[in-house]
Each structure stands twice: as structure tokens, then as C-alpha cells.
Amino acid sequence: MGKTTAEKIFDAHLVNEPFPGTKVLRLDAVLCHEITTPIAIDDLIRRGKDRIFDTTKIKAVIDHVTPSKDTKTATQAKILRDWARRHDIKDFFDVGANGVCHALFPERGFIRPGYTVIMGDSHTCTHGAFGAFAAGVGTTDLEVGILKGVCAFRQPKTIKFNVNGTLPKGVYAKDVILHIIGKIGVNGATDRVMEFHGSTIDDMSMESRMTLCNMAIEAGGTSGICQPDMTTVEYLWPFIKDDFAGREAALADYSEWRADADAEYDQTIEIDVATLQPTVTFGYKPDQVKTVTEMAGAPLDQIYIGSCTNGRIEDLRIAAQILKGHKLAPNVRGILSPATPAIFKSAAKEGLIDIFMEAGFCVTNPTCGACLGMSNGVLANDEVCASTTNRNFMGRMGKGGMVHLMSPATAAASAIEGKIADPRKYL
Amino acid sequence: MKTFGGPVLFLDRSDINTDEIIPAKYLTEITKEDLKPYILEDLKLPGFDPKGEKTRNARVVVSRANFGCGSSREHAPWVFEVNGITAVIAESFARIFRQNMFNCGMAAIELPVADLDQIFAHSGEADAAMSIDIEAGVLTMSGGGKQKTFSFEISPFDKALVLAGGWVDFADQKY
């Protein structure tokens, strides 16, 4: 019998099976940020175990609230910074070099096909876009990962999504994943890996694949996983060119992580994207989705473009294409947060920042900030935000506030009209 | 080992998420104890008061499907722990929340809907209480002069974590 991608990764990283059904895996990357790591660091110090398993496999960034907004967030940043220096962590990203973890780490080439990746952050599933097994964990799992380089998992079952067809005008990876979450529900993939296949995925950029995998957790999924291919190799090429004789050799190597044709799946779900429409959430759960046609006209106070879901250069290009020559409607404010400094620089060079600013957007530094109601765009009670982020829980972006999740295109069209609007008429 | 049980807090809704358990704005606290006042602050349920006596006295939470969905924040189990709640009983859990509970040496126990319905039938009783025996895999629900025992299963690993008091010491000895 063949294996799924997750099964291959589990087999290749297995340390042992301490109890039936639980597998302890060796980790290739342990990613850290300043919200969930400081308590792990404090606990390690308290236990007299202030050590790390590897100075290169641990990566750290200050991203959730940066630059720090108050004494508490400054203290969290300081704990992470001091720890990274104390242990000579090679890849630590501080103010000026920092960006949203799930955009920054892939951009630096840290994630490779076949890797095991954990982070104290639920959207770690993003990194599965590279054909990795990447799972969000809590602080205790992170602490053990930092100390020992291992993590325990139940062997997850895998749901295969065959996503086929050409994306219609105005429909993007964000619409595909919102549609899938709407179809299977917020716990439709709990204890499951969501493995994405099909011509639509094959045609997607790495950025789009990251958007897709990013929201696997919103269906309860342990990791999203895409199949490594030449698109993966091209994205990673600047980082791997010395490791392989050529791109074909890299592809041959990475292809070993592709699922076998006779792999066994818990479930197979067919998605035909040809009939998909721009998709928007309407309630307080990510599976409460409607088409933009049904949602058009819904009132808004703020537009937010950014986050680990949709703050990458491709997203900024799409939004800017729609915004060009337009102004924000007078009843709304717009916030753009490019997800990393490199994205910010590219956007400036390409003239995208000008387009956003001429439309009336505020452009912030790269940070998670507003997505989780921490900083840089928190909502007031009863305010509504059109957002390219990933979670629409009640109060997520500020107590009493409401969030409609959507693609950057739909957010840009909504910015122009000051209410939820169909992006297709601007394309 | 810890003892599990005491007065029950009933939260009769599916998909109670981590932001409802502990809003993100409090994730800037550096100690677990500082989270204490903010337990379930953003949860809106009929008759539920996050600052009420029932919340304050609770030692066990009973809820429905997909409890703890959303964020990976271990602050969710911690805010329960510092408020004296060391077990959550639900139809199902989000993976990360469930593992976080066991990693802290606490219990996240799944029961079938039919059993949960019988337990929820006690929700109006002032003396509703539960005792949980992790090793035996049984819990006893009492209240209103009645008492009933239900059996449950947790994985051997999760049981070991509860008995060891969490994952850090266990992992440090073994790996």
C-alpha cells in the first residue's frame, strides 16, 4: 500500500512510539514568536533547563506586536531577544528585519519539502504548502521542541482534496479555502491532514498555496499539505542551488515526498473551482460563508489587507490592481500591512505602496497586530471590518467587533465602495 | 496525581473558541496567574456570567463539540487551571487545545452525545458536581439527589501525561 505525504514524513522522522497511537517525531524546524515562547523560556529557566537543542533549527521572530506598544509587549520582546542572543540563535528577526512569521520564514527558505515544523501558533499549517508536515502547538509542546527537538503526535489521517479547474476571474486561493471550510465545517478536518491535489493547485504560486494551507486549521486540520513540484523548486532555488546539480535533480529529490498514487485516504473530496465565486464569511465562524453576490452591500467601517493569510506580494498586487485610480469610500478607513520587509520593499519598488496611499490607506510596518486585535487597527464595539485575515471569531479584531473574511480583491473592491463589493467588475 | 472533580460549569454550545476562553489582548501577560480575572470574558451564552459564582466555583467544564477551536494559545488551559478548573468534558475537542490540556497534566475527556445529554440534564441543579477517576476511566455525575457513572477513554499517552503531571518532565526523561 502506498503512503500519503504525511505518512512518509512521519516514517522518516519517527523517534519512537512511546504508546500505541502516539508517535514522537524528530523536528527539522522549531519556530518561535514573542507571544507564546516567553512562558516556555521562563519555564525552562525555572526548571534549570535553559538550553536549546540546535542553534540553526530554531528560528525566532518578534511579530505579533511590533514595535512594542507598551511595557508588557516590550517585556515579551525582550525575553525572546535576550534568549535568542544568549543561545546564539542564528536566525532571529528583530525590529527592522521582522515580519509575520508564516510569511517571513518561508521567504527565507527555511521550510523544505519533507520537513517537520512546529510553532506555538495555530497557523503553522501554512508551511505545508512546501510539502512539509507543519503543525501549530501550544507552549508546552514548543518548550519540549526547543529543549529536545521532538514533538509527539497522533498519526493523523489524511483527507485528499482534488481541486480541479481554472479559477474564474476574481476568484483566488482564499476563495477556494473559504469554500472548502464552508463545505466541511470548522471541525471537518480535526485530527486530519488536508492534502491538496489537482490542476488548480498545480497552477497556483507558492504564495497562493500558502494562503490555502494557512486556513487548514480553520477546518480543524493538523496541517495543510501541497505536493512539491517545480513551482516549489523555483521558489526555493536561491536557497538550494548549491545542494543540487540542477532544478531537475531538486525536483527528483523533493518528489519523493509526493503522496503515492495508491495511498489510502480517510476521505476524498472533489472540488470543481470553475463555478466558484468570490467568497465572504457572514458570521462568527470561518465556515459561515456566502458568495460575494449574496453579501454585497453589507456595511463596513474598516478594510484590512495583510496577515499570514494574505499579506504577500501577490496579494498586494491584486488589491492594488483594483484600487489603482480609486479612493477609499468616505465611510471606511483602510489599513495595509505588508507581511514582511521584503514584501514592503517590493511593493514600494513596484509602485503598489503609492497606489494604496493615494487611495487613502494607512500603510503599517509588517506585524500580526490587527488580525488578533492586538495593535495597529483594533476595532471598536459594533464596528465591522472587511479583512484578508483568517479568523472571524466574535471580537477577534477588537471586543464587540465583527470581521468578514475575504480575498484581497474583494477587500479592495469593498474599500472603493465602502461596503462589501464584488471585485469582478473592477477586473 | 491531581484530583479531578467538583462543581460543574455547563457551557451548552459547540465551537467555543480560544478567543472566547481568553481574548488575545491578554496574551501579553507573562505569568499564568495574571490571566485569572479574564476567564471566558468574551463568551456570550444565555445565563452565563464570566464573573459569576458558578464560574468562580467551577472545577470542571462541560461543553459540546469542537471545544477550544482556533488559536494554539496554551493560555486557554492555563486560565482554566489558575481558576481551579482542571478538566473539560465535551463531545469533541480541537486538536491543539486537547493536547495542551494533557501537556499541562489536565484532562480533556470526550463523551458521546447521549451521555453528555444526561450530564447536561443536571445543568439547572445548584449542587451539580462531577468526580473523575482518570486511571479507572470513569466519571460520576451527581446533582439533585441523583448520581450516574459514565465510562470514557483517553489515549495511553494522554493518560501517562496526566499521571506524570505534564509533558516537559516526561519528555526530558525519555528523549
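Let me start with chain B: among its contacts between residues at least 6 apart in sequence, 65% join residues at least 24 apart. Before I go on, please keep in mind that this is a predicted model.

So what is chain B built from? It has seven helices and seven strands. If you walk along from the N terminus, the elements run β-α-α-β-α-β-α-β-α-β-β-β-α-α. The radius of gyration is 15 Å, close to the 16 Å that the globule rule gives for 175 residues, so chain B is as compact as a globular protein of that length. For those of you setting up boxes, the C-alpha atoms of chain B fill one of roughly 45 × 35 × 25 Å along the principal axes. And 52% of the 175 residues of chain B count as buried.

Now, how do the two chains meet? On chain A, 47 residues are in contact with 37 residues of chain B. Several elements of chain A each supply at least two residues to that side: β1 (14–19), β2 (22–26), α3 (71–86), α5 (139–148) and β8 (150–154). The largest share, seven residues, comes from α5(A).

My last stop is a sheet in chain A. It is open, with five strands in the order β17-β16-β15-β18-β19 and parallel pairing. Which strands stand at the edges? They are β17 (361–363) and β19 (402–405) of chain A; each has a single partner strand, so one side of each is left without a neighbour in the sheet. From one strand to the next, the twist averages 25°.

Looking inside the sheet, β15 (302–306) and β18 (384–387) of chain A pair in the parallel sense over three bridges, with A:I303 standing opposite A:A386 in β18(A). Helix α15 (352–359) of chain A packs on the sheet, touching β16 (333–337) and β17 of chain A, and its direction makes about 135° with that of β17(A). Helix α16 (408–417) of chain A lies across β15, β16 and β18 of chain A, at about 150° to β15(A).

Thanks, everyone!

Methods
Residues numbered from 1 in each chain as written. Chains lettered and ligands numbered in written order. Predicted model: local features only at pLDDT ≥ 70, side-chain atom pairs only at ≥ 80, totals over all residues. Helix = DSSP H or I, 4+ residues; strand = E, 2+ residues; numbered from the N terminus. Rg over C-alpha atoms; globule rule 2.2 N^0.38 Å. Buried ≥ 20, exposed ≤ 12 C-beta atoms within 10 Å, placed from the backbone. Contact = placed C-beta atoms within 7 Å. Pairing = 2+ DSSP bridges. Axes fitted to C-alpha atoms, helices over the stretch in contact; angles between N-to-C directions.
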